[in-house]
Amino acid sequence: MAPGSSEGTYPEDLRYHEEHDWARIEGDQATLGITWYAQDSLGEVVFFDPPEVGATIQKDSSYAEVESVKAVSDVIAPLSGEVIEVNDALQDTPEKVNEDPYGEGWLVKVRLSHPEESETLLGVAEYRKLLDS
Amino acid sequence: MRTPLYEQHVQLGAKMVPFAGWEMPVTYEGIREEHSAVRHHAGMFDVSHMGEVEVEGPGALAFLQRVLSNDVARVGVGGAQYSVLCNEEGGVIDDLFAYRLGADRFLIVTNAANHETDLAWLGRQSRSFDVLVRDVADRYAMLAVQGPHARAVVSRALRIELPPRFHVAHIQVGRRPALACGTGYTGEDGVELLLDPEVAVPIWAELLDAGVVPCGLGARDTLRLEVCYPLHGNELTPDRNPIGAGLGWCCKEATGFIGAEAVARARAEGTAEQLVAFKIEGQGIPREGNPVIRGEEEVGTVTSGTFSPSLELGAGMAYVRSDLTDVGTELEIDVRGKRRPARIASKPLYAKRS
């Protein structure tokens, strides 16, 4: 389905960053990605430029880029940590970021260096409120 | 400003963006889909933001011969011709098509961002000619229908005969006079319709019903870039000569147009930089403004870059030092700090398989 052709979805079990990123936190690890809103604003993703495994990423700073045909967008880290896995499948199928932003379109997995940072992230209700404002 | 089709775009769910003072659709269902519709079927673009200027009078031909770079005398009534509008230094004020509607009457179609500049320039230059230069942008909505099936669909849906490529014809649509032009900006066959704004909405609806895919400025840019058509403001600027841009073919210095001496000099002596097309080898998408690197030296600048939907790789155009412009030359593009290997490619970047 083309981006923009359905309403946005925002799973209950994720934590959100105001720069339109999500984190699925499991113990001291987290999976990160961009929200439905972010992929819809960007349009069809054609390229994901990931960080290297082992790289340190810092909350509120850019750690990767996603590009659509006409636009580049920095991906902001919702949490700090060390990259332990990169979604390599996106090299061949970057459109998964549009089609399944919370599933197959995940971007990286990190080992959290400051797990307490998650308290500053938004719940789904707060994030939806941000989108509506 | 809004075109007469603004509501149609919004109803179709288009993403609207500001462009040269207009609110224009950048995409409806996705740039790749729209791009592909034009390459393989038929797509339509609302280009009503483009400007129209009418030039009429006994001195019309002599005047246009003076301001346009091409040999306007070679255009018969019903013909169309591409030119650049140069300043005295040979810099490009705008690039445009001129349509000859009568022996002493021409219509020129300007880029939206340059319309006011062009009008002022043409007005000033026209003083010594027996000619009237009129801004008629409000009189026309403009629809570009492009793609291998575009002509067939348009002539069937609107029940009209279309002129051949690079020609213009007076037609009737919706019982109003209109112009059909065998021109476009996509590298595909097609027509551009200059319509009475009053009939733009029903004509758009008829073409939509006939299966023509609405396309936005995003696809317009990727389509033109793949076939290496220059865009004013990117490849063409008042500081650059048309020779460096590879537009020597539409400059006929013998006609004595404004800027002809500078153009003749550039043609004889060469320019420091020339416009080339390139493809990224591997990953990365070049963007406007990216530096072009050879070894450790900066040797040029990207003027337009994109992900090419037809080639499925990063590609673009760049001004590069003239000794490095051979097809096959290896360069690097500095894409936000990452060096991406690239190679100069022959123009156009995309050509239909025959």
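Which residues does B:R176 touch, not counting residues up to four places away in sequence? They are B:D196, B:E198 and B:V199, where contact means that two C-beta atoms, placed from the backbone, lie within 7 Å. Before we go on, note that this is a predicted model, in which local features need pLDDT of at least 70, side-chain atom pairs count only at pLDDT 80 or more, and totals for chains, interfaces and linings use all residues. Residues are numbered from 1 along each chain as its sequence is written, while chains are lettered from A and ligands numbered from 1 in the order in which they are written.

Let's stay with B:R176 for a moment. From B:R176 to B:K338 the separation is 162 residues in sequence and 55 Å in space, C-alpha to C-alpha.

Now turn to chain A, which holds 3 helices and 9 strands. Read from the N terminus, its elements follow the order β-β-β-α-β-β-β-β-β-α-β-α. Of its 133 residues, 43% are buried. Among chain A contacts between residues at least 6 apart in sequence, 64% join residues at least 24 apart.

Finally, where the chains meet, chain A supplies 11 residues and chain B 15 residues.

Notes:
Helices (H or I, at least four residues) and strands (E, at least two) are DSSP runs, numbered from the N terminus. A residue is buried if 20 or more other C-beta atoms lie within 10 Å of its own, exposed if 12 or fewer, and partly exposed in between; C-beta atoms are placed from the backbone.
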